[in-house]
Amino acid sequence: MTLTVPSTTPATIVPPGRQALDSALFRLDEAAGRLGLDDGLRTMLATPRRSLSVSVPVRRENGRMEVVQGFRVQHNTARGPAMGGIRFHPGTDIDRTTALAMAMTWRCALVGIPYGGAAGGLRVAPAELTGRELERLTRRYVGEILPVIGPEKDIPSPDAGADERAMAWILDGYSAGGYPAPGTVTGMAGGLATGGRADATGRGLAIATLKALPGSPEGRTVAVQGFGRVGASAARHLASAGCRVVAVSDGTGAVADASGLDVDALLAWAEESGGVRGHRRADALPPEDLPELDVDVFVPAAPEVAITAENAPRIRARLVVEAANGPVTPEADAILADAGTVVVPDILANAGGVIVSYLEWVQNLQACSWSAHETGARLRRLMAETVAAISAVSAEHGITLRQAAYMIGVGRVAEAHRLRGLCS
Ligand SMILES: NC(=O)c1ccc[n+]([C@@H]2O[C@H](COP(=O)([O-])OP(=O)(O)OC[C@H]3O[C@@H](n4cnc5c(N)ncnc54)[C@H](O)[C@@H]3O)[C@@H](O)[C@H]2O)c1
């Protein structure tokens, strides 16, 4: 099948955030065309409902005051309150945040949970701050976005750089008015609700990968780019399902072992030394080579774009499973599709996190706690049903899994607008 993509300005002069938004708008437009949506509805779906940019002061340990840019974008709330990640990353800007919020709208609709889409974050490298600086900054950020978040309005969840501790600070900041509001965030350390949110995205990704892999997973080779919360968890779950994780990279370097890495040992090493580089029981590999290895499955799980038109012709994996958000550009999508490489799109592959966030939120609102088995079973069912649904649409229309996922997600949001009379 052939995909047509718009000609773009050379990548070097388009900021990465703008590229992410352009890709998001291209994919929306493609789905809107297939669904026959009119121009008014297309414009509504392409435009965020609410965008907030904030300037957050933080006093560093050395007494210096710095100002950090922060954002919260609510893309769409036609199907329910906004929900979406908080990202602490130096590449955070309003365009990338809008692209992430838009993808979250389609993701929630695709997996059938009653949320709209949001995203937020701070333009900061968390590793360069002390724990106390990060806590002060997070609490000030919450103060700035407080008017627009809340359990019935917009529910933050963890994304790259913002972990369970950050969620607990957000909840504490939100509850400073005098009343606890447990449904305000998800993925918080020490919450009442069960679900294993820290592990949920990787677990969901493994479920989607195993469903998309033809035949048995036993001995299938996997390369994982990015060994943070999502990449490490995905690697562990895929290894325990029988796959052979043969290469892993992170911001410090890349390591490989053709007979299969011991993922737990690598994780222990990375925690101790700050990264995968130097792991004694593996060979060093140039990190830029990792996406091009001859493996069955490539899992991009770093916050960066992994496959562009430049390296797409050299991708040898038959299955690419997008743990990261937006790791494959539309131009690269077309090249991979022509080469017969199957891409499990981010809005499905990394949906385990938002599914478990939803399960947590339901428990928090009802002040109850389900068993870990119950939340795990619900996650498995929703992921498996969604893989089956997009596979069926893909086969019926002769389109890629991403195009099928967008047809379903965008179609459900468009239908919600129609039912509410908000379509033009
Ligand atoms: N955390 C979640 O629940 C969640 C949910 C859905 C999607 N995601 C997406 O998954 C991706 C990773 O998120 P995370 O929470 O694991 O982040 P994280 O900050 O925990 O980990 C990111 C990892 O990527 C590595 N990395 C950074 N640049 C790299 C590069 N150029 N090459 C190789 N590795 C590199 C880092 O060293 C780190 O190991 C992001 O795109 C995020 O939006 C995360």
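Trainee: In strand 10, which residue is the bridge partner of Gln225?

Mentor: The partner of Gln225 in strand 10 is Pro300. Before going on, note that this is a predicted model, in which local features need pLDDT of at least 70 and side-chain atom pairs count only at pLDDT 80 or more, while totals for chains, interfaces and linings use all residues. Residues are numbered from 1 along each chain as its sequence is written.

Two strands pair if DSSP finds at least two bridges between them. Strand 6 (residues 221–225) runs parallel to strand 10 and is joined to it by four bridges. Strand 10 also pairs with strand 11, again in the parallel sense, over two bridges. Here Val297 has Leu319 of strand 11 as its bridge partner.

Strand 10 covers residues 297–300. In a regular strand the side chains alternate between the two faces of the sheet. In strand 10, Val297 and Val299 point one way, Phe298 and Pro300 point the other way, and all of them are buried. Burial is a neighbour count: a residue is buried if 20 or more other C-beta atoms lie within 10 Å of its own, exposed if 12 or fewer, and partly exposed in between, with C-beta atoms placed from the backbone.

The sheet as a whole is open and has seven strands in the order 9-8-7-6-10-11-12, with mixed pairing. Its edges are strand 9 (283–285) and strand 12 (342–344); each has a single partner strand, so one side of each is left without a neighbour in the sheet. On average, neighbouring strands are turned by 20° against each other, direction ignored. Axes for such angles are lines fitted to C-alpha atoms, for helices over the stretch in contact, and angles run from 0 to 180 degrees between N-to-C directions. Val320 is set opposite Val343 of strand 12.

Helix 6 lies across strand 10, strand 11 and strand 12, and it runs at about 160° to strand 11. Contact between two residues means that their C-beta atoms, placed from the backbone, lie within 7 Å. Helix 6 has 16 residues (197–212), which should span 22 Å at 1.5 Å a residue; its end C-alpha atoms are 23 Å apart, which agrees. The expected span is 1.5 Å times one less than the number of residues. Twelve of its 16 residues are buried, so helix 6 is largely enclosed by the rest of the structure. Among the buried residues are Arg197, Gly202, Arg203, Leu205, Ile207 and Ala212.

Arg378 belongs to helix 12 (residues 372–397). It has 17 C-beta neighbours inside 10 Å and therefore counts as partly exposed.

Next, the ligand. A shell of 25 residues surrounds it, and the closest are Gly226, Gly228, Gly251, Ala302 and Ala324. A residue is near a molecule or strand if its C-beta atom, placed from the backbone, lies within 6 Å of it. Helix 7 (229–240) and strand 7 (244–250) each supply at least two residues of this shell. The largest share, three residues, comes from helix 7. By class, the shell has ten nonpolar, eleven polar and four charged residues. In that scheme Ala, Val, Leu, Ile, Met, Phe, Trp, Tyr, Cys and Pro are nonpolar, Asp, Glu, Lys and Arg are charged, and the others, Gly among them, are polar.

There is also an open sheet of five strands, in the order 1-2-4-3-5 and with mixed pairing. Its edge strands, strand 1 (50–59) and strand 5 (154–158), each pair on one side only. Here the twist averages 20° from one strand to the next. All seven residues of strand 4 (residues 116–122) are buried, so it is largely enclosed by the rest of the structure.
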